[in-house]
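Subject: Two-chain model, handover and findings

Hello,

Here is the structure I promised to pass on. Please load it first, then read my notes below.

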Amino acid sequence: MIAELGQYILILALLVALVQCVLPLVGSLTKQHAWQYLARPTAWLQFALVAGAYGCLLTGFLRDDFSIAYVAEHSNHLLPTPYKVAAVWGGHEGSLMLWILMLSVWTSLVAYFSKSLPIGIISRVLSVLGFISVGFILFILFTSNPFLRELPIPAEGRDLNPLLQDPGLVIHPPMLYMGYVGMSVAFAFAIAALITGRLDSAWSRWSRPWTVIAWSFLTLGIGLGSWWAYYELGWGGWWFWDPVENASLMPWLVSTALIHSLMVTEKRGGFKAWTVLLAIAAFSLSLLGTFLVRSGVLTSVHAFAADPTRGIFVLCFLAIVVGSSLTLFAWRAPKVTLGGTMGLLSRETFMLINSVLLSVATAAVLLGTLYPLVIDALNLGKLSVGPPYFNLVFAPLMVPILFLLIPGTVAKWRNANLQDMFMHLRWTALVSVVLGASLPFLMGEWSFGVFLGWTLGLWVGLGTLQHMVERVLKPGRIGGSFWGQHFAHLGLAIVVLGVTGVKSFEVERDVKMAIGDEVTIQPYVFRLNAMGEVKGPNYTASQAQIEVFNSGESTEILKPEKRHYLSSAMPMTEAAISSNLWRDLYVSLGDPLPGDAHQWSMRIYYKPFVPWLWVGVLVMVLGGLLASLDRRYRRASAQSPLQTAGQALSMGADGEEGVMHEREIGGDSLESLSPEAVNSQEQSLEADTTAHELPQSPSLHTDSGVQSAT
Amino acid sequence: MTPRKKRFWFITVGIVVLCIAAAFVLNAFQSNLVFFFTPSQVAKGEAPRNRLFRIGGMVKDGSLKKGSDEIEFVVTDFTNEVSVHYTGLLPDLFKEGKGVVAQGRLSDQGLFTATEVLAKHDENYMPPEAKSAMDKAALERAAKSLKPNSN
C-alpha cells in the first residue's frame, strides 16, 4: 500500500506544482491578486505532498518492503538503520526524490521568508520554482519511478553499494543537492526580475542571501565529497577531475562569480545583465550536473544510472530552461542594462576580472568534461581528458584570481588609487613573498610551485587578516557580510596553502609487508604487528594492525581493513587515517600476495596539510553563513521597494518620518537624493569609513531613490 | 577619457585577455587528450607508440601473474590480446574475467606498460570503454564468420 500511496501523493504534488507554476504567473501578468496570492499556499502544500511521498519511500526502506523494486535494489535486512535512511538517495530514482524534496524545502523557505516582498515579485519567483518542480516530478513519474512494484517479491534485497555505506555519504548528497537546488532560487529571482523588467538593487539584495546560502551548501557538499573520496576510495586522492566532480565544480565556480557580481549590482547598480546571465548559468550548470550524473553518459564512479531515456528527458528539460531563459534575457535585458559609471581602476574592475576568470575556468572545465562525451556521441572515437589538462589550465587561472583578490577587497568603488593601494599593502606583500620563499626550506625542499602557491595563499590570508584587524580597530558596527566575506577568503587561503602543501610534500609508498616488517617515512616508522579477522553487521574484514612510531616512540596503532560485504562480491578497502593539524598518516590494506612469505600489499602515505583542506572548506562555509545572516538582508527585506519608493516620494511631504526611519535603519540612506548628490555623499562618506564599509552600510535602495527622483 | 573611450578599452582588453586564455586552454587541451583503443586496434598497429592512451577489454582468465614487483595480465576482446605490465596496487574490483580499462604507453617492442588501472566500483558494472571494445570485436567476428556462407 505504501508505494501506491506514495505515487498517488506524488501525482497530487505534480498537480499542485502545476497550479503553483501557472496561476500566480498569469495572475501577476493580468493583475489578478487572488491568483497571485495562491503562490504561497501552493508552495507549502507542495512541500507537504512531496515530503509525504518521500516519507512513503523512506517507510518502505525502514520496513524492508522488498516488494518495491527500488528498495530491493538498494537495501537489505542487515543494512544498519542510518544507512537505510541514506539508501533512499543511494540510487537514481531516490536521489531525484531528494532533489524535489530539496526544491520544495527551498520553495517553502522562500515563501516564508519573503513575506515583505511585493506579491508581484514573489508570485513570479514561486511560479518559476513551481515550473522546475513540475519538470522534475514529471521526470520521476515517467522515467524513474521509485514506487514500482516487483513481483515475485524477493526475500532479500541486493544491498546498498558498499562504497555508499559510509557516514560521509549519508550527508554528502543532501548537502550537495541543497547547493544545486539552491541555485534554482537565484535563477527564479533572476527570471522574475526579467519578467518584471526591474533589475534593480532591491532585486539583487533579495537574491543575495539565498545565493550565498546555496553557495555555502555547494561548498560544503563538494568538500564532503572530496573528504569521502579521500578516506573511502582507499588511495588517498581527494580530487580526481572526475566528470561528476567537475559537474559540481562548475556551478560552484559560476555561483562564486555570481555572488561577487550580485554585490556590484546591489552596491553600484552595475553588471546587471551579466549578473542575470550568471544566475541562469549557475542553475543551468546545476541541471547539467544532474544530467551528467543521472543519465549514465559518464564513464565514472558515480554514474550508476544507465537508461538513455532519462538522459534525453533531462537534456530536453535543460534545453527548455536554458533556451527560454536566454530568450527572455535577450528580449528583456537591453531594457534593464543601465550600469553605474566605473573607472578603469576600481573595485568594479576587480570584480569584472574575477567574473571573467571564473567564467573562463568554468568554460575550460566544461570543455574537458563534455568534449569526450560529444566525440563519443558522434561516434568519432573514444577518448578521455586527463587530470593534467585540468591542472594545467586551472592553476594559471587561479594565480591571477588569488593575486587580485586582496587589491580587489581594498580598492574603492568607482575610482581607486593605485598608489594608495600599493602603500596600504606593501608590507603584507613583502611578508608573504619572504615567508613563501623561506617556508619551503623548512619542509626540506624548495620549488617554484611551492613558492608560488604558498606566497599566494599567504598573500590572501594575511591581506584578509590585515583588513579584518584594521576594520575591528575602527569604530562602528561590523555587519555579518563583512565577516562573511573575510572568513570565506580566509578559508580559500587555507585551502590554497593546504593544496600546495599536500601536492608538494606528500610521500606515497606502495609496499609489500609481512608481519614484523617496517616502513620508514621520516620521522615515522610503520610496523605491521598482526593480521586478523573482524566481523561487522553485514561484512567480514581482514584487518591489519600497524603500529606507528614517531622518532622511535610508539604513538598509535592504525587498523586498515579490507571488507567483504555479505550481499555483494565486491571487496572494499577501508583506509586507516591518523590526523593532526599538520599531516595525515594514511594506511590502506591491499591483497595478500601469493607465495609463502605471507606478505600483503600496502599503501602507506604521508600526507601533510590535508586537514587544511577540510578546515579551509569549513571556514569558507562559515563565511557564507555569516554573510547570509547579515542583519541588513532582514531589515532591508522588511522594506518592499514599492514602500521605499513610496516613502521616497512622500519624503517631501512627510520628511520627518522618512528621516527617522532612515536613522533607525542605519543612518546613511541616500534615496531621496539626486544621482549627483548620491555620488558626492558617498564619496564624502568614503573619506571617513574604509572603502568597502560604505557598501556594508544598510543604505536603502539607491536605485529606487534614483528612479523616484528622476 | 570619455565613457565611450573607456568602454572601448574595457572591451579591447577583455577580448585580448579572453583570446590569450582560450589559446592557452585549447593548447593544454590538445596535448592532454587520451585516446582509447581496443586490443584489435592495437594488433592492427593503429595505436600510437610512446604516447599515453587507454585500452579496454576483459582480463583474460588465468593470465594474471603477480611477480615480486610487477604485475602482468592480458587484456582481450576475444579476437586479439594485449599483455599489460603494471607496477602498483590493483583496484578492488580487478578480477580475471571482468572488464578492465588500463592507461599507459606502448613501447616500440609492443609492450603495454600501464601507469594506471582504472577502478570501477560496482561488480555488475562494465566499463563502457571495455564494453564497446568487446562489442566491436564481436561484430567483426560475426562479419567474418558470415562470409564463407554467403560465398
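Start with chain B. Of its 151 residues, 30% count as buried. A residue is buried if 20 or more other C-beta atoms lie within 10 Å of its own, exposed if 12 or fewer, and partly exposed in between, with C-beta atoms placed from the backbone.

Some housekeeping before the rest. This is a predicted model, where local features need pLDDT of at least 70, side-chain atom pairs count only at pLDDT 80 or more, and totals for chains, interfaces and linings use all residues. Residues are numbered from 1 along each chain as its sequence is written, while chains are lettered from A and ligands numbered from 1 in the order in which they are written.

**The two chains**

Chain B has three helices and seven strands. Helices (H or I, at least four residues) and strands (E, at least two) are DSSP runs, numbered from the N terminus. The order in chain B, from the N terminus on, is α-β-α-β-β-β-β-β-β-α. Take the contacts in chain B between residues at least 6 apart in sequence: 59% of them join residues at least 24 apart. Two residues are in contact if their C-beta atoms, placed from the backbone, lie within 7 Å.

Chain A holds 24 helices and eleven strands. It has 710 residues, of which 54% count as buried. For contacts in chain A with a separation of 6 or more, residues 24 or more positions apart account for 75%.

**Where the chains meet**

The interface brings 33 residues of chain A into contact with 27 residues of chain B. On the chain A side, at least two residues each come from α13 (347-377), β1 (383-385), α14 (387-410), β8 (571-574) and β11 (600-608). α13(A) gives the largest share, five residues. By type, the chain A side divides into 19 nonpolar, eleven polar and three charged residues. Here Ala, Val, Leu, Ile, Met, Phe, Trp, Tyr, Cys and Pro count as nonpolar, Asp, Glu, Lys and Arg as charged, and the others, Gly among them, as polar.

One chain B residue is worth a look. Asn32(B) sits in the loop between α1 (3-30) and β1 (33-37) of chain B. Leaving aside its neighbours within four places in sequence, Asn32(B) contacts Val385(A), Gly386(A), Pro388(A), Tyr389(A) and Leu392(A). It has 19 C-beta neighbours inside 10 Å, so Asn32(B) counts as partly exposed. Asn32(B) and Leu52(B) are 20 residues apart in sequence, and 8.9 Å apart in space, C-alpha to C-alpha.

Two packed helices are described by the angle between their axes and the distance between the axes. Axes are lines fitted to C-alpha atoms, for helices over the stretch in contact, and angles run from 0 to 180 degrees between N-to-C directions. Angles under 35 degrees count as roughly parallel, over 145 as roughly antiparallel, 65 to 115 as roughly perpendicular and the rest as oblique. A crossing is left-handed if the near helix is turned anticlockwise from the far one by less than a right angle, and right-handed if clockwise.

Begin with α6(A), residues 92-113. Of its 22 residues, 17 are buried, so α6(A) is largely enclosed by the rest of the structure.

- α6(A) with α8(A), residues 167-196: the angle is about 50 degrees, with the axes 9 Å apart. The two are therefore oblique to each other. Their crossing is right-handed. The contact residues are twelve nonpolar, three polar and no charged.
- α3(A), residues 39-62, with α6(A): the angle is about 150 degrees, with the axes 9 Å apart. The pair is therefore roughly antiparallel. This crossing is left-handed. Its contact residues are twelve nonpolar, five polar and one charged.
- α14(A) with α16(A), residues 448-473: the angle is about 15 degrees, with the axes 10 Å apart. They are therefore roughly parallel to each other. α14(A) passes α16(A) in a left-handed crossing. Among the residues that make the contact are Phe403(A) of α14(A) and Trp459(A) of α16(A). By type, the contact residues are ten nonpolar, three polar and no charged.

Best regards
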